[in-house]
Amino acid sequence: MPPPRLKNQRPFGIDRLEQIFRADSESRLMELFLFHFRQTGKTLEHKFLGVKAYGTVEPANLEAILSTSFKGTE
């Protein structure tokens, strides 16, 4: 089953990017990420500028990602 998606309020995830840049400039980026994980669970999907991205704090998922050979898309 796919992970929950973090919903964007504005097209292309511009709102999420603004949140990230603002939180980073205020030195509270980790706080923002933890807030998102508390809302959705240990693994989430989000979309920025038309590109899907995933985040996780689930140890089993991190282990699977780090132990798997994979190619990025170009």
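Helices are DSSP runs of H or I, at least four residues long, numbered from the N terminus. The views below show a predicted model.

**View 1. Helix 1 and the residue that follows it.** After helix 1 comes S27, and the phi of S27 is positive, near 55°. Helix 1 itself has 12 residues. They should span 16 Å at 1.5 Å a residue, and the end C-alpha atoms lie 17 Å apart, which agrees. D15, R16 and A23 are the buried residues here. Down the axis of helix 1 these buried residues fall within an arc of 100°, so they line one face of the helix. Their packing partners are helix 2 and strand 1. Turned away from that buried side is a face with the exposed residues F21 and S25.

**View 2. Helix 2 and its buried side.** Helix 2 runs over residues 29-40. Its 12 residues reach 17 Å from first C-alpha to last, close to the 16 Å expected at 1.5 Å a residue. L32, H36 and F37 are buried. They cover an arc of only 135° around the axis, which puts them on the same side of helix 2. An α-helix has 3.6 residues a turn, so residues three or four places apart point the same way. The buried residues of helix 2 pack against helix 1 (14-25), strand 1 (43-48) and strand 2 (51-56). M30, E31 and R38 sit on the other side of helix 2 and are exposed. Next after helix 2 comes G41, with a positive phi near 120°.

**View 3. The surroundings of T56.** T56 belongs to strand 2. Its relative accessible area is 18%, and T56 is buried because the cut-off is under 20%. Two polar contacts are in view. The side chain of T56 reaches the backbone oxygen of K42 at 3.1 Å. The side chains of T56 and T43 are joined at 2.7 Å. Beyond neighbours within four places in sequence, T56 also touches other residues, including F37, N61, L62 and I65. F37 is one of the buried residues of helix 2.

View 4. The side chains of E58 and K42 meet at 3.9 Å, N to O. E58 lies in the loop between strand 2 and helix 3 (59-66), and K42 in the loop between helix 2 and strand 1, so the pair ties together parts that are 16 residues apart in sequence. E58 is partly exposed, at 23% relative accessible area. K42 also takes part in the previous view, where its backbone oxygen is reached by the side chain of T56.

View 5. The model counts 4 salt bridges. One of them joins the side chains of R10 and E18 at 2.7 Å, N to O. R10 is partly exposed, at 39% relative accessibility. E18 is partly exposed as well, at 34%. Another salt bridge joins the side chains of E26 and R28 at 2.6 Å, N to O. E26 has a relative accessible area of 44% and is partly exposed. R28, at 28%, is also partly exposed.

Note on methods. Residues numbered from 1 in each chain as written. Predicted model: local features only at pLDDT ≥ 70, side-chain atom pairs only at ≥ 80, totals over all residues. Heavy atoms only, no water. Helix = DSSP H or I, 4+ residues; strand = E, 2+ residues; numbered from the N terminus. Expected span 1.5 Å × (residues − 1). Buried < 20%, exposed > 50% of the residue type's maximum accessible area, 1.4 Å probe, protein only. Arc of directions from axis to C-beta. Contact = heavy atoms within 4.5 Å. Polar contact = N/O pair within 3.5 Å; in protein donor to acceptor, adjacent residues only side chain to side chain.
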